[in-house]
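My entries are set down below in the order of the search.

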Amino acid sequence: MTHQTPPPAAQDPAPPQLTLAEKAALTSGAGDFVTTAVTSCGIPAVALSDGPHGLRLPKESGDGGQLDLHSAAPATCYPPATALGSSWDPQLAHRVAGAIAAEASAHGIHVVLGPGVNIKRSPLCGRNFEYFSEDPLLSAEMGGAMVRGLQEAGVGAALKHYAANNQETDRMRVSADVDERPLREIYLRAFERIVRRDRPWSVMASYNGVNGVPVTENTRLLTDILRTEWGFEGIVMSDWGAVRDRIAALRAGLDLQMPGTDGRTDRQVVAAVAGGDLDESVLDTAVERLVRFARRTTSVAPPHREVPVDEHHRLAQEAAERCIVLLKNDSELLPLDPTTGRVAVIGELARTPRYQGAGSSQVTPTRLDTPLDCLHRLSRGARVDFAAGYVLPGAAAADTAGKAAPGPAPAPDANVDTDAEMALADEAVRLAAASDTVVLFLGLAAQDESEGFDRDHIDLPDVQLRLLERVRAVNPRVCVVLSNGGVVRTAPWQAAVPALVEGWLLGQAGGGALARVLFGMVNPSGKLAETIPLRLEDSPSHLSFPGEEGRVRYGEGVFVGYRGYDARHCEVAYPFGHGLSYTTFAYSGLRVAQDEEGAAFTVSLTVTNTGGRTGREVVQIYSSGPTASVVARPPRELRGFASVSLASGESREVVVELARDDLAYYSEREGRRRVEGGVYRIEAGSSSRDIRLSAEVSVAGDLSRLRLSGRSTLAEWLAHPVGGPLLSERFARARPQGAGPGAMDDPVMRRFLAGIPLDVISEFPQSPVPPEDVAELAALVAAAAHGQGGRDEGGE
């Protein structure tokens, strides 16, 4: 899964001479969504817009108002990341981002605030709908594609929210306390891959702290890792309101405070420089980056043409079609026949769909397709009847044509009339009993999940579950369609319905996409980008989410999502990567070939469509091992994926390129990623728990950079490729001729001694290694390691 690295940005001329006040002003916004211009020096203002899945356009003044979550003008609302991640289609994400960029340019927007690539650590995170996956590789591939799609069209991306921003509870103060290995392998990994490969023009620093230090003041994250290690060349802007100490933030590497503060913090910067508390060179460095950023983002002239609204709506529908996940389809209940029969469409969500999440990413759509209207329109003889079944709290009232108004929803009514609720349910049950098949739309209201707060549970509303039970009692042919931004619990009721469709939040064209999938005009091919657990309590982060007293401990380490469920052999409702089709696929002929340098692997296999319909399969490649790892490792980890579209009976080879370095773990002791030598298992599957083929490959390990010493344990000495033979030889030399078995020949004693430092063993009576030999052995190992390269051919 490689991409061509774009060329580095051209070096702009040195910034003009600016006054101290002008420099300070450049490092904060001129308003809520616009940066400061210095027109006398030719430094333009940069217009920003929320919009990971479409634009939330600022007001005509160019300043949208931070607390006003309504867009000034319509824009195409594409499927949010929670749905788009389930497409497993980076090319599609690239096209969506390009279309968003075209609309941004048409409206004079220079930078889109997205994509978000934070990890779905817990299903309770209220902002999960803005993120792609629980896996960093999938997040990096989808997020990176969006960065490229935006920037190749001349619009800057703001990669967010850096870093470890995985909850909304106390989001502006909480410290994410996370060990270095999970931080590097899970929470920074997608950011690292995108920064190194795709070169985003800006990165957004998050609200939270990491290990007690606010991210906006975190020199290690903003400078040491982001810039020095990864080579980031763009600007770092704050999330809106994330800056607590403007001077500390500048020192740490934060270039731009957003939004503007009416000059208040600018004056603090001027005073700090004048008083010697801030070196002016630090400010100059930020200004240089900001000037380069401003010129780069404003260098592409707007196309001066109207947005192709219909074309973009068709792309939104195509994207939504690819995002839909068929979770269950017993007895081939789906697809429905559009030409005959009576279909009962039940659920207010069919008429008043939730198509995006709540908060700063809200888009005013150019139009809105509802599932109910589209099912009516696509029917070719089948009778489609509707009953609301329940009240959706906070939903806009539907008009007489059955369409939901796309504007802001009114406040939810906490006092729902129970008699009216019962009447709606009774009507729905009567319709279900009189119909051949029921399509029951269930899901969450906006009040249940949003930016700004986390969810309390992952269950569907009780009123909907009661309705499901009653409908199922009168008609067993039920297909449930889910509408939700974060996962919802499907157990135990999933066993009682033959068909289950995960519809996520699908954007403005989701209604047509769902209708086309239900009627079989589109074969579903989405795959889950996150695990659906049987219970919330099964989530690996459950006992430590969302923390307490301002700190949250990431106690599950690297065992996030499917990594944790698999390591604990925990049953799940639906595993990571799962998704059915109206056809079937067979895998065969797995081959894994290493290149001559051992730096990459080519994984190839043949996929055959063994069913009766054209369909698309996403082949997932996982790695497992090595068996004797020095660190705890998940049973399997996603390393690559590829999709293939096949006609009935067609076969095609699928090839996935893997980098050897992706097999590495992060060694906290060595302060780097390190590949262990040994035998790895490469697996090809249709999900993380549907592994079809596997092959073993021997991988040369990286030679440890750790210097052995007397404080190294006996096990560490024996496992070392140089120290092990030296020490074993010394043991053998010290044994008297003809002596019987020694302590190292006794398996119990060997294990007993394994964890003891060598200098302690050297003090034991009759030790084969006297104290004076320990330093000599350590020096020999250091000299040998210095003379060898960086690879250990198969061991540690």
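**Conventions.** I worked from a predicted model, in which local features need pLDDT of at least 70 and side-chain atom pairs count only at pLDDT 80 or more, while totals for chains, interfaces and linings use all residues. Residues are numbered from 1 along each chain as its sequence is written, and side-chain values use heavy atoms, with hydrogens and water left out.

**Cores.** I looked up the nonpolar cores, a core being a set of buried Ala, Val, Leu, Ile, Met, Phe, Trp, Tyr and Cys residues joined through side-chain atoms within 4.5 Å. Buried means under 20% relative accessible area, exposed over 50%, and partly exposed in between (1.4 Å probe, protein chains only). The largest core holds 147 residues, and Tyr162, Leu334, Ile346, Val480, Val501 and Leu638 touch the most other members. Apart from it lies another core of 34 residues, including Ile43 and Phe293. I then listed the contacts (heavy atoms within 4.5 Å) of Leu638. Beyond residues up to four places away in sequence, Leu638 touches Trp88, Asp135, Leu137, Leu138, Tyr562, Phe576, Gln620, Ile621 and Tyr622.

**Threonine 531.** I found Thr531 in the loop between α16 (510-518) and β15 (532-533); helices (H or I, at least four residues) and strands (E, at least two) are DSSP runs, numbered from the N terminus. Thr531 counts as buried because its relative accessibility is 5%. Its side chain makes a polar contact with the side chain of Glu134 at 2.8 Å. A polar contact is a pair of N or O atoms within 3.5 Å; within protein, one must be able to donate a hydrogen and the other to accept it, and residues adjacent in sequence count only if both atoms are side-chain atoms. Leaving aside neighbours within four places in sequence, the contacts of Thr531 include Val487, Gly561, Tyr562 and Phe576.

**Salt bridges.** Asp198 and Arg148 form one of them (2.8 Å, N to O). Asp198 belongs to helix α6 (residues 189-198) and Arg148 to helix α4 (residues 136-152), 50 residues apart. Both Asp198 and Arg148 are buried.

I next examined Arg354 and Glu449, whose closest N and O atoms are 2.8 Å apart in a salt bridge. Arg354 lies in the loop between α12 (348-351) and α13 (371-378) and Glu449 in the loop between β12 (437-443) and α15 (462-474), so the pair ties together parts 95 residues apart in sequence. Arg354 is buried, with a relative accessible area of 10%, and Glu449 is buried at 1%.

A further salt bridge joins Glu683 and Arg681, again with closest N and O atoms 2.8 Å apart. Glu683 is buried at 2%, whereas Arg681 counts as partly exposed at 31%.

**Arginine 477.** I located Arg477 in the loop between α15 and β13 (478-483). Arg477 is partly exposed, with a relative accessible area of 39%. A polar atom of the Arg477 side chain lies 3.3 Å from the backbone oxygen of Asp436. The C-alpha atoms of Arg477 and Val497, 20 residues apart along the chain, are separated by 7.3 Å.

Conventions. Salt bridge = Lys/Arg side-chain N within 4 Å of Asp/Glu carboxyl O.
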